[in-house]
Amino acid sequence: MKKFGLFLLITMLFISGCSEDEEASAEDEEEISPVEESVEDDTNTEESTEDEQKAWWEEEVEAYQLEDLPRELEELEQDLVLKEGMFSGDDYDFEEIKLLLDELPMDSSEEVLESAILQLIREDYHEEVEVFVKFDPTVDVQVESPDEDVDGPEQKISSSHFAILLDASGSMNADNGGKTRMDAAKEAITDFVDTLPEDSTISLRVYGHEGSGTEQDKKMSCEATEVIYNDKVNHEDFTKSLESVTPAGWTPIGFALEEAEKDIPEVASGAIVYVVSDGIETCDGDPVAAAKALTEKGIEPIINIIGFQVDDEARELLEEVAEAGNGTFTYAGNQQDLEQYWHDEYTRIQEAWEEWQQEGMKNAEEISNELMDLAEENGFSIMDKSELEFERAEELIDYLVKEREMEKAENLWMLFYDRSSAIWMYGYDNQSKNWLEAYDNGVEVWLHYYDTGVDKWTEYYNKMYR
């Protein structure tokens with residue numbers, strides 16, 4: 001029994017010692033645990049700091065990027081191209097906005113409160129700003145003049161050229177009521193040239209004027225075409241050149257048309273070619289092909305044919321030439337018919353000036369109105385948005401002052417009033433300035449077309465019935 005008691009005592013002491021060791025170990029673990037937890041807490045805090053986002057009122061506002069501007073934006077314009085607020089335009093929701101305003105710290109500064117309100121309700125002005133910065137009030141009307149240079153506001157119009165190709169073959173010596181066909185043609189051409197404006201350009205090319213109608217001289221005559229006048233209209237000089245023409249040989253119409261391209265000035269915007277002939281091609285040329293080729297040039301001339309006492313065969317051929325040249329064929333049986341043709345051409349030019357006048361006036365008015373409408377609509381859009389933005393700002397300021405009792409919000413009303421006034425005046429001033437410039441430019445161009453058209457019509461009328 002004594003041995004068993006001793007064994008029991010030793011066993012209890014051993015168990016007691018182990019228990020104390022385990023408690024000590026547990027205490028050591030408890031002492032280490034707070035350190036480890038501290039390290040873990042620091043790591044979590046660091047991670048949460050990195051992940052934490054700025055408050056909505058602290059976020060930086062981006063701006064719209066406007067390209068190809070003719071000048072740098074002014075200070076106010078730089079503010080107006082900032083992107084719109086979360087509740088601008090049709091997205092305005094006062095109840096939702098109040099929830100966000102409640103997040104603002106009570107000690108927020110006036111600057112923070114102003115920025116926060118703009119973050120919520122700033123209107124989008126960037127498109128209107130771009131329109132005004134790029135606005136060009138120029139009324140640019142381009143109507144090609146019928147037959148000459150016309151210098152006008154904001155426009156450059158090249159001249160049209162008159163090219164006369166005169167048949168000088170031997171058949172033009174035939175009698176025509178006491179005078180030759182050539183004499184009758186000369187008189188009619190002279191009268192026509194007298195009606196043209198002094199600064200018009202005209203050329204006179206003769207063909208078949210060398211050699212004779214014999215087979216021996218055919219080659220010489222068929223290769224004969226010459227420009228004897230090419231300049232601005234000068235009655236005396238042109239008449240001298242025309243009087244020197246004497247009918248002689250064959251009829252190289254095709255070759256004359258091929259060479260006519262050289263007579264048209266490079267600066268001409270267009271040309272009207274008049275071929276005066278009393279017969280068909282007799283030099284084995286192809287006047288139809290030549291006429292078509294000439295119309296395919298850059299100036300795209302119109303070829304009109306005047307058949308002077310031609311027979312049916314010649315008439316049929318010359319009609320084909322006129323059609324290939326995008327022009328018309330006119331039969332002249334006598335000098336009166338020939339003069340009537342030139343008279344009709346003169347009337348056509350007179351009417352062309354009137355059409356030019358009407359089209360120019362119409363275009364000037366339409367372009368001017370479009371520009372004025374653009375200026376007006378753009379200005380009203382800015383002014384309307386500035387007023388809407390201010391009305392909403394007033395509502396939010398009232399909430400901050402009365403509901404949240406934020407003293408620093410009390411002065412915001414004046415800040416937003418000044419902002420609204422500045423934006424409103426920006427829209428109004430640009431609207432007025434651009435509208436007036438577009439109007440003035442439109443009137444200037446309209447009057448140019450009106451006055452020039454009246455002058456030209458009157459000039460032709462006086463020459464026609466002098």
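Author: **Charged side chains and their surroundings**

A network of salt bridges links Asp79, Glu389 and Arg419. The term salt bridge is used where a side-chain nitrogen of Lys or Arg lies within 4 Å of a carboxyl oxygen of Asp or Glu. Side chains of opposite charge can pair when their charged atoms come close.

The model is predicted, so local features need pLDDT of at least 70 and side-chain atom pairs count only at pLDDT 80 or more, while totals for chains, interfaces and linings use all residues. Residues are numbered from 1 along each chain as its sequence is written, and side-chain values use heavy atoms, with hydrogens and water left out.

Across the whole structure, 17 salt bridges are found. One of them joins Lys98 to Glu95, with 3.3 Å between the closest N and O atoms. These two residues are 3 residues apart in helix 3 (residues 94–101), so about one helical turn separates them. Helices (H or I, at least four residues) and strands (E, at least two) are DSSP runs, numbered from the N terminus.

Another salt bridge is formed by the side chains of Glu187 and Lys179, at 3.1 Å from N to O. Glu187 is partly exposed at 35% relative accessibility, and Lys179 is partly exposed at 25%. Here buried means under 20% relative accessible area, exposed over 50% and partly exposed in between (1.4 Å probe, protein chains only).

Lys218 forms a salt bridge with Asp284, their closest N and O atoms being 3.4 Å apart. This pair links distant parts of the chain, 66 residues apart: Lys218 belongs to helix 7 (residues 218–222), and Asp284 to the loop between strand 4 (270–277) and helix 10 (287–295). Lys218 is buried, with a relative accessible area of 19%, whereas Asp284 is exposed at 69%.

A charge can also sit over a ring, which requires NZ of Lys or CZ of Arg within 6 Å of the ring centre and within 35 degrees of the ring normal. Lys83 is placed in this way over the face of Tyr64, 5.5 Å from the ring centre.

Rings may also pair with one another. Rings of Phe, Tyr and Trp (its six-membered ring) count as a pair if their centres lie within 6.5 Å; planes under 30 degrees apart are stacked, those over 60 edge-to-face and the rest tilted. By this rule there are 12 aromatic pairs. Trp56 and Trp57 are edge-to-face, because their ring centres are 5.4 Å apart and their planes stand at 90°; both residues are buried. Trp446 and Tyr450 have ring centres 5.5 Å apart and planes at 5°, so this pair is stacked. They are 4 residues apart in helix 13 (residues 412–464), and therefore about one helical turn separates them. Trp446 is partly exposed at 29% relative accessible area, as Tyr450 is at 37%.

Thr225 lies in strand 3 (residues 225–232) and is buried at 16% relative accessibility.
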